[in-house]
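Here is a short report on one protein chain. Please keep the sequence and the model in view while reading.

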Amino acid sequence: MERKTKIFYLITKSNFGGAQKYVYDLATNLPSDQYEVKVIFGEGGELKQKLETAGVETLKIENLSRDIKLADEFKVLKQLIKLFRREKPDVIHLNSSKIGGLGALAGRLAGVPKIIFTVHGWAFNENRSFFSRLAIHFSYWLTILLCHQTIAVSAKTKDQIGHLPWLKNKITVIYNGLTLVDFLERQETRKYLLGKMAVRSIGQTLSLLEERLIIGTISELH
């Protein structure tokens with residue numbers, strides 16, 4: 001029997017935002033007869049529940065969180081090296097900045113054959129000081145160098161860092177895949193949304209809400 005390719009997907013947090021949805025889609029759509037999949041994360045959440053429901057193995061890494069704490073980072077790095085050496089994955093696929101850096105370093109030290117990093121956005125685009133953004137640029141540059149290949153989810157994401165030394169040929173743009181969505185009919189959708197809005201709108205009747213223009217957006221609000 002041919003050996004399955006072992007793939008570890010790593011992500012810092014296990015809530016269910018865009019990056020987590022990306023990991024979920026990849027982990028649950030690989031042919032089970034060809035791939036052995038495990039998803040590794042720090043803080044537990046909805047992603048863990050969805051993966052377990054789908055029959056995908058998960059593993060929580062203690063001390064892995066979004067906040068930077070030097071002592072915890074060494075603990076996480078040690079755990080990852082030990083895990084990779086013991087289980088010998090063929091591929092580790094890193095998602096999010098924190099686990100990207102730690103996972104890439106651990107993967108190199110453990111001799112993982114293929115290290116992939118997907119960039120869902122750059123932290124240096126946030127409102128930070130000049131020196132903070134400079135440090136973040138350097139950490140991303142080092143992470144990409146340590147990885148065998150980096151995936152950017154948009155051309156702009158690649159362009160914002162691809163100009164740095166030795167990175168041009170290490171970043172590939174792959175847009176997020178989309179499945180077909182079975183949308184409700186317009187009037188049925190409107191009734192559903194108005195019902196939700198009516199619960200939150202004290203003193204407003206459903207008939208009043210029906211006269212209003214509804215504008216929506218799909219996003220994760222922070």
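Phe131 sits in helix H5. Helices (H or I, at least four residues) and strands (E, at least two) are DSSP runs, numbered from the N terminus. With 66% relative accessibility, Phe131 counts as exposed. The classes are: buried, under 20% relative accessible area; exposed, over 50%; partly exposed, in between (1.4 Å probe, protein chains only). Areas follow the Shrake-Rupley method with a 1.4 Å probe; for residues, only the protein chains shown count as cover.

The model is predicted: local features need pLDDT of at least 70, side-chain atom pairs count only at pLDDT 80 or more, and totals for chains, interfaces and linings use all residues. Residues are numbered from 1 along each chain as its sequence is written, and side-chain values use heavy atoms, with hydrogens and water left out.

**Aromatic pairs**

How many aromatic pairs does a search of the whole structure find? The search finds eight. Rings of Phe, Tyr and Trp (its six-membered ring) pair if their centres lie within 6.5 Å; planes under 30 degrees apart are stacked, over 60 edge-to-face, the rest tilted. Two of the pairs share Phe124.

| Pair | Centre to centre | Angle between planes | Type |
|---|---|---|---|
| Trp122 and Phe124 | 5.5 Å | 10 degrees | stacked |
| Phe124 and Tyr140 | 5.9 Å | 85 degrees | edge-to-face |

Phe124 lies in the loop between strand S5 (114–119) and helix H5 (130–146), while Tyr140 is in helix H5, so their pair ties together parts 16 residues apart in sequence. Trp122, Phe124 and Tyr140 form one aromatic cluster. Trp122 is buried at 6% relative accessibility. Phe124 is buried at 7%. Tyr140 is buried too.

Lys50 lies over the face of Phe16, 5.0 Å from the ring centre. The criterion is NZ of Lys or CZ of Arg within 6 Å of the ring centre and within 35 degrees of the ring normal.

Is Gln20 buried or exposed? Gln20 is buried, because its relative accessible area is 7%. Gln20 belongs to helix H1 (residues 18–29). Leaving aside residues up to four places away in sequence, Gln20 touches Ile11, Lys13, Ser14, Asn15 and Leu47. Contact means heavy atoms within 4.5 Å. Gln79 is 59 residues from Gln20 in sequence and 22 Å away in space, C-alpha to C-alpha.

Leu193 is in helix H7 (residues 186–200). At 33% relative accessibility, Leu193 is partly exposed.

**The whole chain**

The chain has eight helices and seven strands. Along the principal axes, its C-alpha atoms fill a box of roughly 65 × 55 × 35 Å. Of the 222 residues, 37% are buried. Among contacts with a separation of 6 or more, 54% come from residues 24 or more positions apart. The chain exposes about 14300 Å², and carbon and sulfur atoms supply 57% of that area.
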